[in-house]
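Could you walk me through this structure, part by part? I am new to it and would like a friendly guide to its strands, its helices and the surroundings of its ligand.

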Amino acid sequence: SREIHLKRRPAGDTVPEDFATVARELPPPAAGEVQVRNLWMAVDPAMRGRMNDVRSYIPPFALDAPMEGPAIGEVTASNDPGFAPGDLVFSRLGWREAFNAPASALQRRDRALPPQAYLCYAGMPGLTAYAGLLRIAALKPGDVVFVSAASGAVGSIACQIARNKGHKVIGSAGGPEKVAFLRDVLKVDGAIDYKAEPSLTKALAREVKAIGAEGIDVYFENVGGDHLQAALSLANDFARFAICGMISQYNLTEAPVVPRNLTMLMTKRIRMEGYIALDHMDLEPQMLADMVAWHDAGRMAQAETVYEGIDKALDAFWGLFTGANIGRTMVKLG
Ligand code: NDP
């Protein structure tokens with residue numbers, strides 16, 4: 001079985017020399033342990049933070065040990081009464097083809113969905129979109145919804161949840177291929193290629209008008225900056241903004257210059273609220289039930305970019321930083 005280790009703390013962009021692929025023989029699982037063969041692992045931008053030796057809400061990756069990340073796999077041997085060979089299990093033990101772990105590190109998943117869905121719309125990206133729209137933004141009938149980074153892992157699911165609940169949705173993403181994906185696969189009502197628009201506010205006004213609306217009622221925020229400024233400008237009174245992320249701000253070295261129109265929070269009585277998905281795990285059973293129902297009805301597309309084999313795991317990770325990927329970035333290991 002092969003696994004990817006962190007060899008040294010990267011400086012700036014990661015390079016191949018920061019990592020090592022290590023092959024090792026797995027012993028039979030000890031008492032209380034389970035052996036798992038991973039079928040899929042996912043990569044996300046937050047993993048870059050764990051490569052640094054800094055204090056955060058989650059400990060850094062250890063050196064000369066496999067990195068961690070969400071994975072879905074199949075039990076191949078069990079020395080614990082709670083698991084049997086063939087069980088489908090979720091773990092945070094990605095970046096390896098197979099492993100032994102205590103039963104407590106595993107969560108069983110049923111086969112109602114394709115296995116990789118548990119890393120996508122039925123996993124944390126799904127819960128992030130679900131909690132943001134339904135709890136933070138308190139989506140209600142008739143709301144017009146605007147989603148930024150709409151072709152991404154979280155954004156693509158937010159668009160589909162809102163569509164499935166009968167809302168008009170406008171999405172924004174960078175480039176013609178992503179905009180075609182928004183229209184053709186996610187079936188949004190309006191789409192903006194923000195990289196091709198001189199004014200995002202004018203582009204959003206045009207899309208709002210095209211769907212026969214006055215403004216937006218809910219903004220699912222992934223980007224910040226001029227996206228937030230445009231959303232404030234086009235917001236209806238009593239709009240709700242769920243602040244999921246502000247990726248355009250993460251690498252800024254100077255103070256941001258937009259939004260310039262924050263006063264609209266008051267004049268339009270907008271409620272803007274940030275949140276972290278992990279605080280909303282209580283919604284998981286309800287989220288899973290909805291996702292299974294939408295999947296069965298053919299109304300939840302698996303938006304994903306797939307790399308094949310553990311040898312491609314680092315390429316998958318690097319792809320996140322070039323914006324080349326659509327939906328959730330995953331590596332097929334099984
Ligand atoms: P995505 O799959 O959406 O990937 C990030 C996307 O952001 C890129 O594909 C790119 O799309 C877009 N992007 C990057 N830089 C910019 C920029 N300067 N301006 C506009 N768009 C940009 O990643 P995730 O789905 O994992 O994350 C989406 C957001 O959700 C992030 O802000 C993340 O921090 C946040 N998040 C928050 C969580 C929470 O609990 N609050 C949990 C998980 C994620 P494009 O090509 O269209 O520019």
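## Before you start

This is a predicted model: local features need pLDDT of at least 70, side-chain atom pairs count only at pLDDT 80 or more, and totals for chains, interfaces and linings use all residues. Residues are numbered from 1 along each chain as its sequence is written.

A word on labels: helices (H or I, at least four residues) and strands (E, at least two) are DSSP runs, numbered from the N terminus.

## The six-stranded sheet

Let's begin with an open sheet of six strands, in the order S10-S9-S8-S11-S12-S13, with parallel pairing. Two strands pair if DSSP finds at least two bridges between them. Strand S10 (190–193) and strand S13 (271–274) are at the edges with a single partner strand each, so one side of each is left without a neighbour in the sheet. From one strand to the next, the twist averages 15°; such angles run from 0 to 180 degrees between N-to-C directions, and axes are lines fitted to C-alpha atoms, for helices over the stretch in contact.

Helix H4 (residues 176–184) packs on this sheet and touches strand S9 (168–173) and S10. The direction of H4 makes about 170° with that of S10. Contact here has a cut-off: two residues are in contact if their C-beta atoms, placed from the backbone, lie within 7 Å. Within the sheet, strand S11 (residues 216–221) and strand S12 (residues 235–243) run parallel and are joined by five bridges. Look for Glu221, whose bridge partner in S12 is Ile243.

## Antiparallel strands

Val34 has Ser78 in S4 as its bridge partner.

S4 is also joined to strand S5 (residues 88–91) by four bridges, and these two run antiparallel. Here the bridge partner of Ala71 is Ser91 in S5.

## H2 and its two helix partners

Two packed helices are described by the angle between their axes and the distance between the axes. For helix H2 (residues 124–136) and helix H3 (residues 153–164), the axes come within 8 Å and cross at roughly 50°. H2 and H3 are therefore oblique to each other; angles under 35 degrees count as roughly parallel, over 145 as roughly antiparallel, 65 to 115 as roughly perpendicular and the rest as oblique. H2 and H3 cross in the right-handed sense, meaning that the near helix is turned clockwise from the far one by less than a right angle. On the H2 side, the contact includes Pro125, Ala129 and Leu133, while Val154, Ile157 and Ile161 are among the residues they meet in H3. The contact of H2 with H3 has ten nonpolar, three polar and no charged residues. In this count Ala, Val, Leu, Ile, Met, Phe, Trp, Tyr, Cys and Pro are nonpolar, Asp, Glu, Lys and Arg are charged, and the others, Gly among them, are polar.

H2 also meets helix H8 (residues 284–296), where the axes come within 10 Å and cross at roughly 100°. That makes H2 roughly perpendicular to H8. Gly126, Leu127 and Tyr130 of H2 make the contact with Glu284, Met287 and Met291 of H8. Four of the residues in this contact of H2 with H8 are nonpolar, one is polar and one is charged.

## H5 and H6

Where do the next two helices cross? The axes of helix H5 (residues 200–210) and helix H6 (residues 226–234) come within 8 Å, and their crossing angle is roughly 45°. H5 and H6 are therefore oblique to each other, and their crossing is right-handed. Residues of this contact include Leu200, Leu204 and Val208 of H5, and Asp226, Ala230 and Leu234 of H6. By class, the contact of H5 with H6 has six nonpolar, four polar and one charged.

## Around the ligand

Which residues come nearest to the ligand? Of the 22 around it, they are Gly152, Ala153, Gly174, Gly245 and Ser248; a residue is near a molecule if its C-beta atom, placed from the backbone, lies within 6 Å of it. H2 and H3 are the elements that give two or more residues to this shell. H3 gives the most, with three residues. The shell has eleven nonpolar, nine polar and two charged residues.

## Two backbone details

Val258 and Pro259 are joined by a cis peptide bond, with omega about 5°. Pro259 lies in the loop between S12 and helix H7 (264–267).

Asp64 has a phi near 55°, a positive value in a residue other than glycine. You will find Asp64 in the loop between helix H1 (46–50) and S4.
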